[in-house]
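Please consider the model displayed here.

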Amino acid sequence: MPTTEPALSESGRELVREVLIHGPIARAELGRRLGLSPASLTRLSKPFLDSGLFVEGAVEFAGAVGRPAKPLDVQADLQRFVGVKLTGDQAFGVLTDLRAKALGEHVADLAGRSPEEVVEALVAVVRELTASSHGGGVAGLEGLAGVGVSIGGKVTGQRTVLRATFLAWREVDLGGMLAERLGVPVVVENDVVALTEAERWFGLGRGVDDFAVVTVGAGVGYGLVVHGRQVITPDTGLGLGGHVPLDPTGPICVDGHRGCSTAMLSTTSMCASAAVGLGRRVAYDELLALAASGDPVAVQVVGTAGRSLGRMVAAVANLTMVGTVVLSGEGVGLVDVPVAATELRAGIAADRDPDASEVRVLTGAADFGAWARGAAAVAVQARIGALGALGA
Ligand SMILES: [Zn+2]
């Protein structure tokens, strides 16, 4: 590990951010993005190359007459982060590199839902994930650059949970409590905000200025990025996108809405709908498999969900005018089922003007770890923004 830590100017921070997000990136392209001359770029990059944060890729020739140049990239392995997604029962953690790529995962059950019991579970997850070096790096908390925790609730200052109904919490200084226990920087963020940031920096939204995120899972989440920045308001974290009316004939959500996005698309609601017709309980993965194999009950439930998701995508695109919608969350495997994919397209087409541009729908991996990687992504961002130095 390099020991020198280059002092970071604002331009140095921007450079690190651009190379982290877009690397490996040609120097000419990097200079264009940052408005820097080749000489300035060389001067600004030098301390990061010296510290080992930046590495040079193989020489690229920009056409027959282009001058050879080595693209820049970050040494993503240089630092380790832990991201943890909290549910009502578990702390689901991942160890990641600088690009929030998962290197290992560990899940701990919560002994209870008090802040102390939750912190205990979080500490256990972080300690387990950092117990070994995971192929390089320093084992233990000393080798850890930061921890991110994401939670389905309203968070302020990336530290205090103002409201998390699934834990019956109000005003809990989760970030402060955890940082005191671990002695490393901790950020706490709303789970959909964090997942959207992960898509913006390291995922399907990379390089896309305007896009929305719709998550499907235990609930339905919604995030929006406009002009390269996520839209955050005082109501962020209340989960308002989870109760968009989509089908007047649909089932009812916990808030009593008929056919809202949660009632139509949450995995629990879909399984409950299917259980009525099947005459037995069914797990979500089995429901999708049944739909794929043509079971009439499952086809109906999954197809209807696909249609509703299409309506949601169309509403998002119509009202916010973004051209790209990223679908994510542990329940997004829905769109791999042919009947849901067909209905998704039909739902979008029905609610879009035929002359409107086609909405680009991108689908992320249907695994729960995406939430935890989101938490790690905001820890990475905080590391760059707050400390301003990644070379350590
Ligand atoms: Zn609702």
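The paragraphs below describe the domain division, the helix contacts and the strand pairing.

The model is predicted, with local features requiring pLDDT of at least 70 and side-chain atom pairs counted only at pLDDT 80 or more, while totals for chains, interfaces and linings use all residues. Residues are numbered from 1 along each chain as its sequence is written, and side-chain values use heavy atoms, with hydrogens and water left out.

The chain is divided into domain 1 (10-74), domain 2 (77-196 + 370-387) and domain 3 (206-363), bounds that come from an automatic or database domain assignment. Taken over C-alpha atoms, the centres of domain 2 and domain 3 are separated by 27 Å. Across their boundary, 10 residues of domain 2 are in contact with 17 residues of domain 3, contact meaning heavy atoms within 4.5 Å.

Helices come next. Helices (H or I, at least four residues) and strands (E, at least two) are DSSP runs, numbered from the N terminus. Two packed helices are described by the angle between their axes and the distance between the axes. Axes are lines fitted to C-alpha atoms, for helices over the stretch in contact, and angles run from 0 to 180 degrees between N-to-C directions.

The axes of helix α1 (residues 10-22) and α2 come within 11 Å and cross at roughly 130°. That angle makes α1 oblique to α2; angles under 35 degrees count as roughly parallel, over 145 as roughly antiparallel, 65 to 115 as roughly perpendicular and the rest as oblique. Glu14, Leu15, Glu18, Val19 and His22 in α1 meet Leu30, Arg33 and Leu34 in α2. This contact of α1 with α2 comprises 4 nonpolar, 1 polar and 3 charged residues, where Ala, Val, Leu, Ile, Met, Phe, Trp, Tyr, Cys and Pro count as nonpolar, Asp, Glu, Lys and Arg as charged, and the others, Gly among them, as polar.

Helix α2 (residues 27-34) also meets helix α3 (residues 38-51): their axes come within 11 Å and cross at roughly 110°. The two helices α2 and α3 are therefore roughly perpendicular to each other. On the α2 side the residues in contact are Arg27, Leu30 and Gly31, and on the α3 side Leu41, Thr42 and Leu49. They divide into 3 nonpolar, 2 polar and 1 charged.

Further along, helix α10 (residues 296-320) packs with helix α11 (residues 338-351) at an angle of about 35°, the axes being 7 Å apart. Among the residues that meet are Gly303, Gly306 and Gly310 in α10, and Ala340, Leu344 and Gly347 in α11. By class, the contact of α10 with α11 has 11 nonpolar, 5 polar and 4 charged residues.

The strands complete the description. An open sheet of 5 strands runs in the order β15-β14-β13-β16-β17, with mixed pairing; two strands pair if DSSP finds at least two bridges between them. Its edge strands, β15 (229-230) and β17 (360-363), each pair on one side only. Strand β13 (residues 211-216) pairs with strand β16 (residues 324-328) in the parallel sense over 4 bridges, and threonine 215 has serine 328 in β16 as its bridge partner. Helix α6 (residues 191-202) packs on this sheet, touching β13, β14 (220-226), β15 and β16, and its direction makes about 130° with that of β13.

Elsewhere, strand β6 (residues 90-96) and strand β7 (residues 102-109) pair in the antiparallel sense over 7 bridges. They form a hairpin with 5 residues between them, and alanine 100 in the turn has a positive phi of about 60°. The bridge partner of threonine 96 is alanine 102 in β7.
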